[in-house]
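Hi,

Here is the structure I promised to pass on. Could you have a look at it alongside my notes on how some of the helices pack?

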Amino acid sequence: MNPQVPNALSIARLIGAFALVLTGGLNEWFIAVFTFCSVTDVLDGYIARKYDLCSESGEVIDSIADFAVVLAMLAVLIPALPWDPWMIHLIALIATVRGVSLCIGAIRFGKAALLHTYLNKTAGFLLRLSPYFILFCDLGTIVAVVCTVSLVGAVEDLAINLRADKLDRNIRSCLDLLPRNRMKYGGTDEQP
């Protein structure tokens, strides 16, 4: 397997994020491009882990591509849907907490502290499903569920970036920072 395949998939997702903005709303093109972005997101991580092609640069490109897709999705859906003010405020709160967490991580570790915790993966999964559910479910319910998980994940990121001794982008949760769990893994970044 070519070691650049996972990064190429992440870069394809970045291009997909730009294409998403051009779709003009929640329509067939949006769903097709968004599905492409979601599939490349699953494939890049799967291939990188299966063929032992994980790299720090790959993790950063993957996180940037994920961020770009979320921004593109919001740029398209916010003008296209009937949002209540509380929904926009909740999204802004999540963005603020994530921004503060990124700044703290950058200051403490000298690099982007984009974490792949279980909560972030769950939030990403729910976010990936949300455009499909918006087609036939109540927007308020979808926003409440996705944003609640996303906010808890953002607060966990902030806690990890404040408390961790070193950057581990693949930390599973803030529970891994507890003394008994640090000893369990021998104080290394290696996780079972």
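Predicted model: local features only at pLDDT ≥ 70, side-chain atom pairs only at ≥ 80, totals over all residues.

H1 and H2 run roughly antiparallel to each other. That follows from their packing angle of about 160°, because anything over 145 degrees counts as roughly antiparallel. H1 covers residues 5–21 and H2 covers residues 28–50, and their axes lie 8 Å apart. The crossing of this pair is left-handed.

Which residues of H1 and H2 meet? On the H1 side they are Val5, Pro6, Leu9, Ser10, Ala12, Arg13, Gly16, Ala17, Ala19 and Leu20. Facing them from H2 are Phe30, Val33, Phe34, Phe36, Cys37, Thr40, Asp41, Leu43, Asp44, Ile47 and Ala48. Sorted by class, the H1–H2 contact has 15 nonpolar residues, plus 3 polar and 3 charged ones.

The other pair to look at is H3 (residues 56–80) with H5 (residues 118–134). Their axes come within 11 Å and cross at roughly 25°, which makes H3 roughly parallel to H5. The crossing of H3 and H5 is left-handed. H3 brings Asp66, Val69, Val70, Met73 and Leu77 to the contact, and H5 brings Leu127, Arg128, Ser130, Pro131 and Ile134. By class, the H3–H5 contact divides into 7 nonpolar residues, 1 polar and 2 charged.

Cheers

Technical notes
Residues numbered from 1 in each chain as written. Heavy atoms only, no water. Axes fitted to C-alpha atoms, helices over the stretch in contact; angles between N-to-C directions. Helix = DSSP H or I, 4+ residues; strand = E, 2+ residues; numbered from the N terminus. Parallel < 35°, antiparallel > 145°, perpendicular 65-115°, else oblique. Left-handed = near helix turned anticlockwise from the far one by under 90°. Contact = heavy atoms within 4.5 Å. Nonpolar A, V, L, I, M, F, W, Y, C, P; charged D, E, K, R; others polar.
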